[in-house]
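Hello,

Here is the structure I said I would pass on. My notes on it follow below.

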Amino acid sequence: LAIASYFGYLGYLETRVNTPFDHQKMVVHAGLEQPDRYWGSYRPLTYFGMKTRDPHSLVMGLMWYTPSNLGPGGQGIRHWCEQGDKLDSYGWTHHDGRSFGVQEIQDLPFELKTSFVKYPEGKQYGGDWTARISVRNTTRAWDKSISLIWYVALDERTNGHIKYVSDDKSPEPGVYGEAQGLGEFQVRFHAVKGKILHKSYLSTVAPSLAKLKDTLFSHFRAFADKRGNRFIGLPGEIVSQNGLPSSNPEPNFIAIQITAEVDFTLDITYQSTSGFSLGESIPKPPTGRAYQDSLQAKIAQFEQRFEDRFQLKQKGHSPEEVRFARNALSNLLGGIGYFYGSSRVQSVYTKNPVPYWKAPLYTAVPSRSFFPRGFLWDEGFHGLLISAWDIDIELDIICHWFDLLNVEGWIPREQILGVEALAKVPEEFVTQRNSNANPPTFFLTLKKLLTSHRAELSQNGRLATLERLYPRVQAWFNWFNTTQRGEVLGTYLWRGRNATTTRELNPKSLSSGLDDYPRASHPTDKERHLDLRCWIALAAGVMAELSTLLGKDDAKYYETASYLTDNVRLNRLHLAPYSEQYADWGLHTDQVKLKRPPSMAPQQQQRHHHQHYQLPEMQRVTGELPTYQFVDSAFGYVSLFPLLLEQLDHDSPYLTKLLNDLRDPEQLWTNYGLRSLSKRSPLYMQRNTEHDPPYWRGPIWININYLAAKALHHYGKIDGPNAALARQIYAELRDNLVGNILRQYKRSGYLWEQYDDTSGEGKGCNPFTGWTATVVLLMAEQF
Ligand code: 6A9
């Protein structure tokens, strides 16, 4: 019996990792219950794609290529945002997250504009929309024609069907269909301007939504017109798989290709045709001039709302700066996706990874090209800007994320949901472990909602959302406060560092979000991580405020918050006595180096002569025994946390010290923002392995700089010994950041993941309009 119950218990532990938190769901109005946000550009990994907020939505999207540039394997076909496409720039210039968007794409010699406007009025199923694709040749280059492909595809689980209706069958050709959640619909094409050279289509079965481009490419054929001009086109109906007649001849993928002379403008209308009786005329979505007019009206409304919300013009920003800020916001909003699927997770109790439950995620993404999926701590930063624009979009995002809370109180850090998202992630990064955290930045968002947006938050039933959220954030807070605690009361450590590797110069702490930022050289369970302690202190404070607002028992949260922000205790645990700098503490030595082990003996090398001889990989060597100590040789972002999260007493002498140190160009100060690690640190700009370049070991990151500016702004307002210095540094830092991000945008056409600390140049991936977009809040001075 004892054994049976023991195994029963193990089974119970095993299933906890993928058991949802047992409480009312956060998302109460999904899909069509939010008709105005039903359709949207929720496929941020495509240059331009539309879908609905349904688990198995039908999807549509754009591909294009310049016929003279089409290469082997489909090279030259643009579809998913890829840095390798080397577009001169692309991004939304306007996007309100709800009803319309305008995007500009520079694919020289062409400039493409993609826009859409939704017309939900008076229709069921989220209504109609029109999308426009216009192409101009902006140079004198000889390329004259472009091929545009618009496709309609069904997810393998979409309940519905689609068919191609040709010119001869109907005066209004296009794709007609019916699907659950959409009813009956028609997609039609209207050449508004320019000359069509060739038109063709493909109607077939694609093996997966992640294989649309391959499917298309494998069906390309050469055609010739009467005059002998040759075109690449599509063969029409192909209802077989692998050459065999398909058992299910229903197409799930229809692509229309139009090759046209540039300049060219194409309108695509999506029209919901359900709910009309026979013979009744169905109002059509506008095209041509009428579309242009409705788009102009949307743009004007958007620009007005932007000024109302951020007041950049009024603050004296130039039209160019305002345009830049609008683009930054639009790209964050235009990057919002709707994903559906399940993460792969693992706990110490599961032998192998297991699937999380299937769930939708409505979320912004850090980067449409490189990281087109949800990241937990990124999203809290996104929330700061999104809530300033549209509080209900942000609350809905929060609802979706907190429905991903498991019964233990854990939310997986990286959300790779659905085949498209999965296709972008190397296998080794897929599994998420429930021992590992990620900074609980949603508490930053909540704090901003509770302070700056308090009035809006109290209206329109929004408090009911917070009521539903309350037990979940409680569980989330408890999860951090228990599973991440250290050996000494009031200390915490990030789990997930590799304590046995000798490959890494300093084993990474991916869970901290600061990946390769130097920590104690030898990971142990005794470590104390300063940033995590500060995050949990912040969380406790926000729990307290939220509890007060909702009339819950707030006493224990106020106690925890004041315990964790008490500067005497903080200093005892985290202030290095000699350097007087805040730091982690752990088993550490600075005497570490990567070295290449000696190669094989010469005779052996001879024998291997004809093979590709690989040098043995560099290994870490340690020059002295590590000891328990403060890791104050790693002065940088981690050391700033008591300042960043506004937990230092405003009159603390250590605040003065910190301000001076961060202002010191030999340490963190640059003309472009604060660098992540002091120039004096032994690991400044050091590689972590020979394949792993420095990431958080020097470059400038905008999320942390945003927090720094916010904190300086805060301390600048509290009369006392540090106010004047804080104000001065605040003004300089803000100028440096805004100036450089704007300069780099003008130079490169993008916002970037990081900025170089010596040249200011954008680096890492682009476009990165996740937390870098908080530059808008810096400009608006909304903290
Ligand atoms: C790598 C490569 C096609 C790393 O912005 C998202 C995260 C941040 O949360 C984190 O703080 N980025 C930062 O250190 C990017 C993480 C990408 C990890 C997956 C897979 C795929 O390339």
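M685 lies in the loop between β30 (673-674) and α17 (702-716); helices (H or I, at least four residues) and strands (E, at least two) are DSSP runs, numbered from the N terminus. The phi of M685 is positive, about 55°, although M685 is not a glycine. With a relative accessible area of 29%, M685 is partly exposed; buried means under 20% relative accessible area, exposed over 50%, and partly exposed in between (1.4 Å probe, protein chains only).

This is a predicted model, in which local features need pLDDT of at least 70 and side-chain atom pairs count only at pLDDT 80 or more, while totals for chains, interfaces and linings use all residues. Residues are numbered from 1 along each chain as its sequence is written, and side-chain values use heavy atoms, with hydrogens and water left out.

Y125 also has a positive phi, near 55°, and is not a glycine. Y125 sits in the loop between β6 (110-119) and β7 (128-137), and at 24% relative accessibility it counts as partly exposed. Most residues other than glycine have a negative phi, and most peptide bonds are trans.

Next, a helix. α4 (residues 319-334) has 16 residues and spans 22 Å from first C-alpha to last, close to the 22 Å expected (1.5 Å times one less than the number of residues). Twelve of the 16 residues of α4 are buried, among them F324, R326 and L329. Their cover includes β4 (89-95), α3 (288-310) and α18 (723-748).

Last, the pockets. A pocket is an open set of points on a 1 Å grid over the protein atoms alone, where a 1.4 Å probe fits, with protein on both sides within 12 Å along at least five of seven lines; lining residues have an atom within 4 Å of a point. The largest pocket has a volume of about 1700 Å³, a volume being the space filled by probe spheres set on the points, which are joined across faces, edges and corners. It is lined by 50 residues, of which R413, F429, K508, L510 and D515 lie nearest its centre. β24 gives the largest share of that lining, three residues.

The second largest pocket has a volume of about 550 Å³. Of its 30 lining residues, Y340, G341, L417, G418 and V419 are the closest to its centre.

Regards

Note on methods. Contact means heavy atoms within 4.5 Å.
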